[in-house]
Amino acid sequence: MTPPAHPTLLIDRFGRTVDYLRISITDRCDFRCVYCMAEDMTFLPRAQVLTLEEIHTLAIAFAELGVKKIRVTGGEPLVRKGALELLENIGRIDSLNELVITTNGSQLETMATALKAAGVKRINISLDTLDADKFKAITRTGDLQQVLRGIHAAKSVDFERIKINAVILKDRNHQEVGDLVQYAVDNGLDISFIEEMPLGVVSRHDRSDAYYSSDLIKNDLAHNFSLVATLEKTGGPSNYFKVTGTQTRVGFISPHSDNFCGSCNRVRLTVEGRLLLCLGNEHSVDLKAVLRAHPGDMAMLKQTIIDAMQIKPEKHEFNIHEQPVILRYMSMTGG
Ligand code: SAM
Ligand code: SF4
């Protein structure tokens, strides 16, 4: 059956079409990565968090407005009870081309098969280091072996693509970029390196000191790998290079050194139901309030989303050398 074609109705003041939605389905996580969370996080009370049904309704509304790709993320999406059913429901929305998730990998050993069955096509797994002690230091509570087993399980169920995401921090894991690329090559995976973004106040970690640019990473990799620039995009902000002689692509997400806002095609739904028009600004619209004040009124919900495009900012305002102006953590935002 041919899926219904929905017109692209989400266009902002700068002529950018929004066809990609990232949804944070929980602010909770079994890890406490140093760049993402404070050590002692307070999580949201249940009443403030969207229900799974509300998230599903919102996904349908966005798809009917022309969104073609949904990424489910968090927090750690796979620790939310009912996450699989939600993914199955979103996976059944005909007009979506792609349902993808971002995970820390801790639950994949047991959930990879079910995720594939639910319709998840591509999966991003965060892995910043292959050294067990460093992994513990960066994630505070994570277990490297558990994540490596999870990656292995994901490989065995044949997702279209598996990509490793690594946030690179100077003097913590910058020495490992070559090992991480070699791991990706050996396992037939892609990998993206991410410059840290100043979201939320994180303790015991100076973001300015930890900054390690994509250009530095490229220089480091040039010692051992031949990287050829490609024009390939996967609908996100990564710029890709092919590792010569392999299937692996190396991406760079460089909010500081290479602003990607001109081609921004995405918005984010926070776990509290706030539609966030830009990762690096606070412009948002409260969709939970609309849903709860007007249950079942799809027309009003969709019009609110269309109108929200008018406040999508031109670009992010990140500055790692200043105290964060964005007090929301990545885990609430839907990274
Ligand atoms: N828990 C899942 C995970 O870690 O993959 C999904 C949510 S996590 C917030 C999504 C991505 O955001 C991860 O790849 C993580 O490394 C990245 N991230 C978190 N905080 C960040 C920050 N301050 N700057 C850049 N990337 C960050
Ligand atoms: Fe959890 Fe992912 Fe944030 Fe790490 S980056 S604390 S795994 S949400």
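Mentor: Before we start, keep in mind that this is a predicted model, and that rings of Phe, Tyr and Trp pair if their centres lie within 6.5 Å.

Trainee: Which residues do ring pairs link into a cluster?

Mentor: The structure holds 3 aromatic pairs. One of them joins phenylalanine 241 and phenylalanine 252, with 5.6 Å centre to centre, which is within the 6.5 Å cut-off. Ring pairs link these two with one further ring into a cluster, whose members are Phe193, Phe241 and Phe252.

Trainee: How many residues apart in sequence are the parts that the pair of phenylalanine 31 and phenylalanine 135 ties together?

Mentor: Phenylalanine 31 and phenylalanine 135 form an edge-to-face pair, 6.0 Å centre to centre and with 90 degrees between the planes. Phenylalanine 31 lies in the loop between strand E1 and H1, whereas phenylalanine 135 lies in helix H4, so the parts tied together are apart in sequence by 104 residues.

Trainee: Are phenylalanine 241 and phenylalanine 252 buried or exposed?

Mentor: Phenylalanine 241 belongs to strand E8 and phenylalanine 252 to strand E9. To count as buried, a residue must have under 20% relative accessible area, and on that basis phenylalanine 241 and phenylalanine 252 are both buried.

Trainee: What is the handedness of the crossing of H1 and H10?

Mentor: Helix H1 and helix H10 pack at an angle of about 65 degrees, with their axes 10 Å apart. Residues of H1, including Leu58 and Phe62, meet residues of H10, among them Leu301 and Ile305. The crossing of these two helices, H1 and H10, is right-handed.

Definitions and conventions
Residues numbered from 1 in each chain as written. Chains lettered and ligands numbered in written order. Predicted model: local features only at pLDDT ≥ 70, side-chain atom pairs only at ≥ 80, totals over all residues. Heavy atoms only, no water. Axes fitted to C-alpha atoms, helices over the stretch in contact; angles between N-to-C directions. Helix = DSSP H or I, 4+ residues; strand = E, 2+ residues; numbered from the N terminus. Left-handed = near helix turned anticlockwise from the far one by under 90°. Contact = heavy atoms within 4.5 Å. Phe/Tyr/Trp six-rings, centres within 6.5 Å; stacked < 30°, edge-to-face > 60°. Buried < 20%, exposed > 50% of the residue type's maximum accessible area, 1.4 Å probe, protein only.
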